[in-house]
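User: Hi! Could you walk me through this one? I'd like to get my bearings before I set anything up.

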Amino acid sequence: MRGEVLKRAVIEALGERTLRFSELRNEVEGVSHKMLTQNLRMLERNGLVDRKAHPTVPPRVEYTLTDPGRALRTVVDAICGWTHQHLGHIESARGRFGA
């Protein structure tokens with residue numbers, strides 16, 4: 001799974017809820033532990049995801065979208081909606097271009 005697609009999948013999976021790492025990994029199909037960790041760190045570094053580690057054994061780590069992360073989710077949802085609405089036109093144009 002490519003990085004940008006993975007980031008979008010993580011943002012969608014979190015939505016308005018808090019998930020533990022294992023729950024998030026189950027939500028995002030086909031992602032390795034390493035790739036999910038790297039992308040969560042980048043989203044956290046950019047202020048889009050909050051990470052909360054609880055001092056338990058075993059450690060419990062939870063992830064939540066920040067306000068800017070939720071705002072980005074709204075924008076991504078709008079772009080996906082636009083794409084679905086115009087997909088027929090896009091596919092037709094690609095067909096004409098490749099002919």
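**A chat about the fold**

Analyst: Happy to! Let's start inside the sheet: Ala53 has Val61 in S3 as its bridge partner. Keep in mind that this is a predicted model.

User: Got it. And what is the bridge partner of Lys52 in S3?

Analyst: That one is Glu62. Both pairs belong to the antiparallel pairing of S2, residues 49-54, with S3, residues 60-65.

User: How many bridges hold S2 and S3 together?

Analyst: Six bridges. The two strands are joined by a hairpin, with five residues linking S2 to S3.

User: In what order do the strands sit in the sheet?

Analyst: The order is S1-S3-S2, in an open sheet of three strands with antiparallel pairing. S1 (19-20) and S2 are at the edges with a single partner strand each, so one side of each has no neighbour in the sheet.

User: Where does Pro59 lie?

Analyst: Pro59 is in the loop between S2 and S3.

User: Is Pro59 buried or exposed?

Analyst: Exposed, with a relative accessible area of 64%; the cut-off for that label is over 50%.

User: Which residues does Pro59 touch, leaving out those up to four places away in sequence?

Analyst: Arg20 and His54.

User: OK, zooming out. What elements does the protein chain have?

Analyst: Four helices and three strands. Read from the N terminus, they come as α-β-α-α-β-β-α. The protein chain is more spread out than a compact globule, because its radius of gyration is 17 Å, well over the 13 Å that the globule rule gives for 99 residues.

User: What does the C-alpha trace span along its principal axes?

Analyst: About 60 × 25 × 20 Å.

User: What share of the residues is buried?

Analyst: Buried residues are 26% of the 99 in the protein chain. The exposed surface comes to about 6,900 Å², and carbon and sulfur atoms supply 53% of that.

User: Changing topic to contacts: what share comes from residues 24 or more positions apart?

Analyst: Among contacts with a separation of 6 or more, such pairs account for 47%.

User: Last one, for charges: how many positive and negative side chains are there?

Analyst: There are 16 positive and 12 negative side chains, and the centres of those two sets are 6 Å apart.

Definitions and conventions: Residues are numbered from 1 along each chain as its sequence is written. This is a predicted model: local features need pLDDT of at least 70, side-chain atom pairs count only at pLDDT 80 or more; totals for chains, interfaces and linings use all residues. Side-chain values use heavy atoms; hydrogens and water are left out. The radius of gyration is taken over C-alpha atoms; the globule rule is 2.2 Å times the number of residues to the power 0.38. Buried means under 20% relative accessible area, exposed over 50%, partly exposed in between (1.4 Å probe, protein chains only). Contact means heavy atoms within 4.5 Å. Accessible areas come from the Shrake-Rupley method with a 1.4 Å probe; for residues, only the protein chains shown count as cover. Lys and Arg count as positive and Asp and Glu as negative; His and the chain ends are not counted. The place of a charge is taken as NZ of Lys, CZ of Arg, CG of Asp or CD of Glu. Two strands pair if DSSP finds at least two bridges between them.
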